[in-house]
Structure formats: C-alpha cells, structure tokens
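Subject: Structure for you to look over

Hello,

Here is the structure I said I would pass on. Please have it open while you read the notes that follow it.

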Amino acid sequence: MKRMAGERLILALDVEPPEKALGLARRLAPYVGTFKIGPALVLAGGPAFLDTIKALGKALFLDLKLYDIPETVARTTRQAAASGADFLTIHVAGGARMIGAAREAAGDRVKLLGVTVLTSFNQDELEREWRMEEPIADRVVFWAKLATESGAHGVVCSPLELPWIREMLGPKILTVVPGIRPGGGAGDDQRRTLPAKDAIRLGADFLVVGRPIVAADSPEAAAEAFGREIAEGGG
Ligand code: C5P
C-alpha cells in the first residue's frame with residue numbers, strides 16, 4: 001500500500017487562539033499524519049477543541065511533557081487517554097516508577113513517548129545548569145533505554161542522537177524527532193537540529209515540525225515540501 005508522503009509528519013499546532021489553530025489544521029490536514037497540541041492550546045481550547053481536532057481524522061498528540069510523582073502522572077495519563085489522544089509525552093527524568101505508572105494508566109490506548117533531553121539545550125548549558133559531564137548523546141541513549149524498559153512506547157530525541165540510538169538500541173525503538181530546520185544549525189530557540197531528509201536517513205520514525213510550517217508564507221507549500229523531503233529521505 002502506498003503511504004501518504006506526510007504520514008510521518010507531525011505538525012506542532014503551536015498557535016492560539018483555538019480558532020486560528022483549527023483553521024490551520026483544516027488547511028494542513030491533507031499534508032500531515034498527526035496534530036500535536038501543547039498545554040497552551042489545551043488550556044485555551046479545552047476538551048471541545050480536542051474533539052474538533054480529532055474529528056479531522058488525524059492522530060492526536062498531546063505534548064504535555066508530564067513530570068511529577070507517579071500517582072499524579074498516572075491520573076493525568078488516564079485523562080489524556082479518555083480525551084482520545086494517540087500520543088502523550090512524559091519526561092524520562094521523572095524516573096522508572098513514574099513511567100511505569102503512566103504505562104499502567106495508558107495501557108496501549110496511548111503511545112507514551114519519553115522526552116529525553118530537550119532539543120533547545122546544548123552541551124554548554126547542560127554542563128552549567130545540570131552539572132552534566134557526559135556527552136548529550138550518552139545521556140539520551142541511557143534515558144531512551146530506561147524509558148522503553150520502564151514502559152514507554154518510544155522516545156523524543158534530537159536528530160543528532162539518532163545514530164547512537166539506532167546503534168545501541170536497534171531499529172525497533174520508536175523515535176519522534178523535533179529540532180527540524182531546513183539548514184540545520186540553531187533556529188529560533190532550537191539548538192540541536194538537522195534538515196528533515198537527514199533526520200529520516202538517520203532513522204527517525206516521525207518528525208515534529210512547528211514554526212517552519214506554521215510561520216511560513218504558505219504553510220501548505222511548506223508542509224508539502226517537508227512531505228517530499230521525508231519521501232526523499234526514504235520515508
Ligand atoms: O517550531 P518548532 O519546529 O521548533 O516546534 C517543535 C515542537 O516540538 C514544539 O512544539 C516543541 O514544544 C516540541 N518539542 C521540542 N523538543 C522536544 C520535545 C518537543 O521542540 N524535546
């Protein structure tokens with residue numbers, strides 16, 4: 001069966017108010033497989049907004065990046081599952097018990113994705129602010145292993161860590177990859193980036209793209225171009 005070019009493209013619907021986000025979602029539905037919604041839009045639009053997005057027939061990704069004690073995360077995860085979410089993010093830093101509690105609450109109704117090290121961090125900041133001495137890739141691989149062994153279905157990582165994840169953890173681990181910028185390098189607040197084609201070649205399963213599409217002169221043309229790049233990268 002032929003796959004739609006944009007099936008592996010996750011659109012970060014990072015715009016408010018909800019009416020504007022919905023207008024954009026309607027225009028871009030033909031080009032993407034999933035709509036990703038963060039806390040700002042969940043708060044602005046509420047459950048009714050999530051239902052409207054779901055009705056567009058695409059997967060729904062709630063990017064809540066949960067990080068709390070296990071019981072609290074489990075309760076939020078249950079609500080996310082009830083809202084019809086297909087993907088939900090939790091921070092791997094929350095630990096194995098937290099991830100396990102979330103998985104128990106989610107079952108297989110929601111794909112739980114463990115956020116490793118945010119793509120907005122670079123090595124210098126982590127040395128200063130986390131006192132992290134190891135290379136970022138080591139931490140990301142360690143956390144990806146911890147996340148999946150604790151019950152997460154997959155991980156969120158930058159494109160730069162994909163080679164290490166694939167080498168150390170194999171082809172099966174589900175990878176969802178933000179930090180996609182046409183020229184690579186730092187863009188907006190992102191620090192660890194690569195172009196879409198390279199991320200796919202390095203083994204990304206899904207790409208998350210926000211501003212390069214939503215802030216483009218023609219979001220449709222930008223989304224279509226990302227779909228083409230994914231296909232060229234082997235997607
Ligand atoms: O606009 P841009 O393409 O940078 O959007 C990336 C999206 O991916 C944002 O919604 C951001 O919250 C999310 N994200 C990220 N880095 C992570 C996890 C999620 O940039 N590690």
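Strands here are DSSP runs of E with at least two residues, and helices are runs of H or I with at least four, both numbered from the N terminus. Please keep in mind that this is a predicted model.

Strand 3 and its partners

I begin with strand 3 (59-66). This strand is mostly covered, with six of its eight residues buried. Strand 2 and strand 3 run parallel and are joined by four bridges. In this pairing, Phe35 stands opposite Leu60 of strand 3. Strand 3 and strand 4 also run parallel, joined by three bridges. Here Leu66 has Ile90, in strand 4, as its bridge partner.

Strand 2, helix 2 (residues 39-54) and strand 3 form a right-handed β-α-β unit. Strand 3, helix 3 and strand 4 form a right-handed β-α-β unit as well.

Strand 3 also holds Lys65. The phi of Lys65 is positive, about 45°, although the residue is not a glycine. Lys65 counts as partly exposed because its relative accessibility is 30%, and that class lies between the cut-offs of 20% for buried and 50% for exposed.

Helix 3

Helix 3 covers residues 70-82, which is 13 residues. At 1.5 Å a residue the helix should span 18 Å, and its end C-alpha atoms are 18 Å apart, so the two values agree. The buried residues in helix 3 are Val73, Ala74, Thr77, Ala80 and Ala81. They cover an arc of only 120° around the axis, and so they sit on the same side of helix 3. Gln79 and Ala82, on the other side of helix 3, are exposed.

What do the buried residues of helix 3 pack against? Their partners are strand 3, strand 4 (87-91), helix 4 (96-106) and strand 5 (111-115). Just after helix 3 comes Gly84, with a positive phi of about 95°.

Salt bridges

Side chains of opposite charge can pair when their charged atoms come close. The count for this model comes to 13 salt bridges. Three of them are described here.

Asp63 forms a salt bridge with Lys36, and the closest N and O atoms are 2.6 Å apart. Asp63 lies in strand 3 and Lys36 in strand 2 (residues 34-37), so this pair ties together parts that are 27 residues apart in sequence. Asp63 and Lys36 are buried.

Glu161 forms a salt bridge with Arg192, where the closest N and O atoms are 2.9 Å apart. Glu161 is in the loop between strand 6 (154-156) and helix 7 (162-169), while Arg192 is in the loop between strand 7 (174-177) and helix 8 (196-201), so the pair ties together parts that are 31 residues apart in sequence. Glu161 and Arg192 are both buried.

Arg181 and Asp188 meet through their side chains in a salt bridge, at 3.0 Å from N to O. Arg181 counts as buried because its relative accessibility is 9%, where the cut-off is under 20%. Arg181 and Asp188 also belong to a network of salt bridges that links them with Asp189 and Arg211.

Backbone points in the loops

Two loop residues are worth a look on the backbone. The peptide bond from Glu16 to Pro17 is cis, and its omega is near 0°. Pro17 is in the loop between strand 1 (9-12) and helix 1 (18-28).

Arg131 is a residue other than glycine with a positive phi, near 55°. It is placed in the loop between helix 5 (123-129) and helix 6 (136-150). Arg131 counts as exposed because its relative accessibility is 73%, and exposed means over 50%.

Ala29

Is Ala29 buried or exposed? Ala29 is buried, with a relative accessible area of 11%. It is found in the loop between helix 1 and strand 2. Leaving aside neighbours within four places in sequence, Ala29 is in contact with Phe35 and Lys58. Ala29 and Ala101 are 72 residues apart in sequence, and their C-alpha atoms are 33 Å apart in space.

Regards

Note on methods:
Residues numbered from 1 in each chain as written. Predicted model: local features only at pLDDT ≥ 70, side-chain atom pairs only at ≥ 80, totals over all residues. Heavy atoms only, no water. Expected span 1.5 Å × (residues − 1). Buried < 20%, exposed > 50% of the residue type's maximum accessible area, 1.4 Å probe, protein only. Arc of directions from axis to C-beta. Contact = heavy atoms within 4.5 Å. Salt bridge = Lys/Arg side-chain N within 4 Å of Asp/Glu carboxyl O. Pairing = 2+ DSSP bridges. Right-handed = clockwise from strand over helix to strand, strands pointing away.
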